[in-house]
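Dear colleague,

Please find below the structure I promised to hand over, together with its sequence. My notes on it follow directly after.

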Amino acid sequence: MSEVRTTPKMEKLVALCKRRGFIFQSSEIYGGINGFWDYGPLGVELKRNVKDAWWYDIVRAPYEGIDGNLVDIVGIDCSIIMNPKVWIASGHVGGFSDPMVDCKETKIRYRADHLLCAEVIVMQKGKQFSMGWLAVLDGDDSLSVWIKKAEKMVRKRGGGEVVIPLSLSPYITLPENLQREMIGPDAEEPGTLTEPRQFNLMFKTSVGAIEDSSAIAYLRPETAQGIFANFRNVMDTSRVKIPFGIAQIGKAFRNEVTPRNYIFRSREFEQMEIEFFVPPKDAHEWYQFWRKQRYNWWQSIGISTDNLQLREQSKDELAHYAKEGAGSSDIEYRFPFTDPGFGELEGIAHRTDYDLRRHAEDSGQEDRFKYFDQENNTRYFPHIIEPSAGVDRGTLALLCEAYTDDPQRPSGVVMKFHPKIAPIKAGVFPLVDKDGMPEIAKNLYVDLRKQWNIQFDAKQTIGKRYARMDEAGTPFCFTIDTQTLHDQTVTVRYRDTLQQERIAISQVKGFLMEKII
C-alpha cells in the first residue's frame, strides 16, 4: 500500500473512504499493488462530478477572455499509447527520469532527491563526536523525524545528547564518500544505500506480436503531447482561430519511485488539461487570465480560500519549456499530510512555443504547425498557456475539505461537499415501510433519478439513514411521513445545518434544480 503520512485526520478520512465506498486499494484481495487505487460507488460519482463540472465550466459555458470575446475551447480524446517518436520529440525518452537509490538492508527504494540528511553529532561526557550521517524522507516534519531517529540510534549505541542540526541537507548534494556511508531512512546500519542512478518514469510496453526494439511503446506520462500532435488536425477541422484552446481529460501513467500520500502521488492518475494557443505578444495577459480563472474555479466547487493558495514558481523551479516564458504558477491545497504547508493541485504554465517547435522539427512538418494570421499576413508558432489539473488530487482535496468531525451527530462525522460535486444529491426515505409511504417515496425517487444520482432507502431507523447520508456527503434528504399522506408535502433535511422544513412534493425537483448549481 502507498505510504501515507500519518495524521489523525488522514487516518480517519482513509478509513471512511474504505468504509463508505469512496476509494479502495487496487487488487486488495491479493495484497494490493503499490501506487494504484480503485474508486468505489461513491468515489466514482464524486470523481465524475469533478470532471463534469470542469468540462462544463471550461469547454461549454460561455465566458469572456482578455479581448472581450468569448473564450473558444474544443475537446479531444487522444490514445494512451502513441508513436514513440512523440516521446522522443517531447524529451520524455531522454530526460523524464528521477534519481533513485535502493537500500540493500531493507530492500526499500527511494527517490534520491526526496532524501534529507544531517550528521549525527553526540555530546557525551563533555565531548562531541560523530556517529555518522542519517537520512530521512523529505516532508514538512522531516527535522522532527530526523531527531527522533537520531535519538533512538544514540540510545542503542551507548547514550548521549544529540546536537540538533540547524537544517537538513539534500542527499544529492553531498559528496560521494558521505553518500556511501549514509544510514538510510529505514536502515540500522550505515552504507546500505546504492549509488544514485537515473530511473525513467515512463511505463514501457510493446505493440504487436513480436517483442523487439521496433515494438517498444510507452503508456503516456501526460496528456498534453497528444494535443500538440493533433494541433493541425483540430485547426483544419474545427474552424477555430487563435486564440483558442484544446481540452482533454484522460489517464496518464508514471512509474513513480515512491508513490505516497494516498491518491496524491500514484502511478496511474487522471488529468484535466487545457492547451490554450495564443499570439506570442498576448501570452503574458493570457497567462494572468488563466491563473485567476483556475484559482477561482476551485473555490466555486467548494475549496476554502483558507486552504488554497496561488504560488508563482521561482526561476529555479521552472520546467525547461517555461524558462523563457511569462512564468509558471501552482495552485496548492493544504492537505493534512502537508499541513501547515501546501501540495500542488494544479499548474498553470506558459510553455512558449517549445512543444509545437519540437514536434514540427521532429516530424518534418514545420509549416503545418505554424499558424497563418490572415489579418497581418504572417505565419508563426503560437505560444501555449497550459492549465493542468490532477483529477485525483482534486478529488482528494475535496474529500479533505469536506471531512468534518461532528460529535453531536450519530455518525460522528459529516462530509460537507458542495452540492454540485456531492456523489449523492439527495436521499428519499419513507418514514416507515408501510401505509403507502414506500410507494410515494419510490415514485419520487424514480422521477428525481432521471436527472440526478438519488438514494432510496427504507431500511432501519430514520436516524441511521440520515447518518449514512451524512457520511456520504448527501446535501438534502426528503422524508415521506404521515403528513405526506394528508397534504402531499415532504420533510426536507439540510445536511449542514440539520434544519428541517416542509415543501410540496411537486416542488422537490425545482428545489434541487435551484440548490445544485
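A residue is called buried here when its relative accessible area is under 20%, and exposed when that area is over 50%. By that criterion, Lys51 and Glu270 are both buried. Please bear in mind that the model is a predicted one.

These two residues also pair with each other: a salt bridge joins their side chains, with an N to O distance of 3.1 Å. Lys51 belongs to helix 2 (residues 41-60) and Glu270 to strand 14 (residues 268-278), so their pairing ties together parts of the protein that are 219 residues apart in sequence. The pair is part of a network of salt bridges that links Lys47, Lys51, Glu270 and Asp392.

Asp57 forms a salt bridge with Lys420, and their closest N and O atoms are 3.9 Å apart. Lys420 is partly exposed, at 22% relative accessibility.

A salt bridge between sequence neighbours is also present: the side chains of Arg495 and Asp496 meet at 2.6 Å, N to O. Arg495 is buried, at 3% relative accessibility, whereas Asp496 is partly exposed, at 39%. The count of salt bridges comes to 35.

Thr491 may also interest you. This residue sits in strand 26 (residues 489-494) and is buried, with a relative accessible area of 8%. Its side chain makes polar contacts with the side chain of Asp481, at 3.4 Å, and with that of Arg502, at 2.7 Å. Leaving aside residues up to four places away in sequence, Thr491 touches Cys477, Phe478, Thr479, Asp481, Gln500, Glu501 and Arg502.

As for the protein as a whole, it has 517 residues, of which 53% are buried, and it contains 15 helices and 27 strands. Its C-alpha atoms fill a box of roughly 85 × 75 × 50 Å along the principal axes. Of the contacts with a separation of 6 or more, 65% are between residues 24 or more positions apart. The accessible surface is about 24400 Å², and carbon and sulfur atoms account for 48% of it. The protein carries 67 positive and 73 negative charges, whose mean positions are 4 Å apart.

With kind regards

Terms used
Residues are numbered from 1 along each chain as its sequence is written. This is a predicted model: local features need pLDDT of at least 70, side-chain atom pairs count only at pLDDT 80 or more; totals for chains, interfaces and linings use all residues. Side-chain values use heavy atoms; hydrogens and water are left out. Helices (H or I, at least four residues) and strands (E, at least two) are DSSP runs, numbered from the N terminus. Buried means under 20% relative accessible area, exposed over 50%, partly exposed in between (1.4 Å probe, protein chains only). Contact means heavy atoms within 4.5 Å. Accessible areas come from the Shrake-Rupley method with a 1.4 Å probe; for residues, only the protein chains shown count as cover. Lys and Arg count as positive and Asp and Glu as negative; His and the chain ends are not counted. The place of a charge is taken as NZ of Lys, CZ of Arg, CG of Asp or CD of Glu. A polar contact is a pair of N or O atoms within 3.5 Å; within protein, one must be able to donate a hydrogen and the other to accept it, and residues adjacent in sequence count only if both atoms are side-chain atoms. A salt bridge is a side-chain nitrogen of Lys or Arg within 4 Å of a carboxyl oxygen of Asp or Glu.
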